[in-house]
Amino acid sequence: MIRHLMTGLILVLMVTGCSSDKEDSNANKDSEKSYSAAVEHIITGIEPGAGITVTTEEAMKKYDSLEGWTLEQASTPAMMTQLDEAIEKQEPIIVTGWNPHWMFAKYEDLKYLKDPKGAYGETEVIKTLARKGLKEDKPQAYKILDQFQWEVEDMEGIMLDAQQSGKDIAVVAKKWVEEHPDVASEWTKGVKDVDGVEIELVTTQWGSELSATNAVAKVMTQKGFDVTITPVDVAVMYKAVADGDADATVAVWMPITTKEFYDKYEGDFVDLGANLKGAKIGLVVPKYMEIDSIEDLKPAE
């Protein structure tokens, strides 16, 4: 009798355990499916033509899990407004994200979805490009550009300050330079003062790159340069430097984000190397969403 009872108990436990495992597995699948449905198979993005927009369009072709999805293209402020609202209400949302950006300084509980197909690459760098002949024409400007380097935290600090204070990012970037003379002095090491030499820096209109460009411009102004900043889209930025219509840019994300344009104009500019390392792009979600990978999403039916 005892033997029969024990055997029955073991069978019950085994069945219960299997059922529990299946329920957990099904719950995970239901959760993944519900997240995809909850966001209506929409990735909330930024401006058309932006590097991360182009990369995300390509990523959507690589992942079966993103089949039938829509990339909503509006503006960076519009994307951030939707992210703010979703986090406040603890609702699911999937956005195109990148570091450096103040969203990561403001919201510590954000995470990138894993990208097993490598559509977004590993880490990115931000490079400085100069027009051919700048080193010979304006050697002091070239030297500053060549020595310009800083950290992700520096850029994100400027962006967050601008966002929270409501001040123009150019104003905040210039203030940052004044408050970090030790960093700025590294950029100007061995650089002689000039008297009104004109320099045109071209940049994208992303907050990250406006902060970098205005910081460099401030340092150049302190050394006597007359600096003009021209914000344009990424295609025009590359063409301006390659054609010699602008002197330089410090806004080149590589090796993924702007690769199309880098490859197109390679050989028509001088690559001064990375001014910032540790940048990253990808699909970003709040950590309260129990999902880890792009492949965990479900295609639109």
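Predicted model: local features only at pLDDT ≥ 70, side-chain atom pairs only at ≥ 80, totals over all residues.
1. The structure holds 11 aromatic pairs, and one of them joins phenylalanine 148 to tryptophan 150, with 5.6 Å from centre to centre and 50° between the planes, an arrangement that is called tilted.

2. In another pair, the ring centres of tryptophan 176 and tryptophan 187 are 6.4 Å apart and the planes meet at 20°, so this pair is stacked. Tryptophan 176 belongs to helix 8 (residues 169-179) and tryptophan 187 to helix 9 (residues 181-187), so that the pair links distant parts of the chain, 11 residues apart. Both tryptophan 176 and tryptophan 187 are buried.

3. Helix 11 (residues 234-243) has several buried residues, among them Met237, Tyr238 and Val241, and what covers the buried residues of this helix includes strand 5 (124-131), strand 8 (248-254) and helix 12 (259-265). Tyr238 also takes part in a cluster, in which ring pairs link it with Phe261, Tyr262, Tyr265 and Phe269.

4. At the start of helix 11, a side-chain oxygen of aspartate 233 comes within 3.1 Å of the backbone nitrogen of alanine 235, while just after the helix glycine 244 adopts a positive phi of about 80°.

5. Two lysines deserve a look as well: lysine 117 lies over the face of tyrosine 63, at 5.8 Å from the ring centre, and lysine 280 lies over the face of tyrosine 112, at 4.9 Å from the ring centre.

Key:
Residues numbered from 1 in each chain as written. Heavy atoms only, no water. Buried < 20%, exposed > 50% of the residue type's maximum accessible area, 1.4 Å probe, protein only. Helix = DSSP H or I, 4+ residues; strand = E, 2+ residues; numbered from the N terminus. Contact = heavy atoms within 4.5 Å. Polar contact = N/O pair within 3.5 Å; in protein donor to acceptor, adjacent residues only side chain to side chain. Phe/Tyr/Trp six-rings, centres within 6.5 Å; stacked < 30°, edge-to-face > 60°. Lys NZ or Arg CZ within 6 Å of the ring centre and 35° of its normal.
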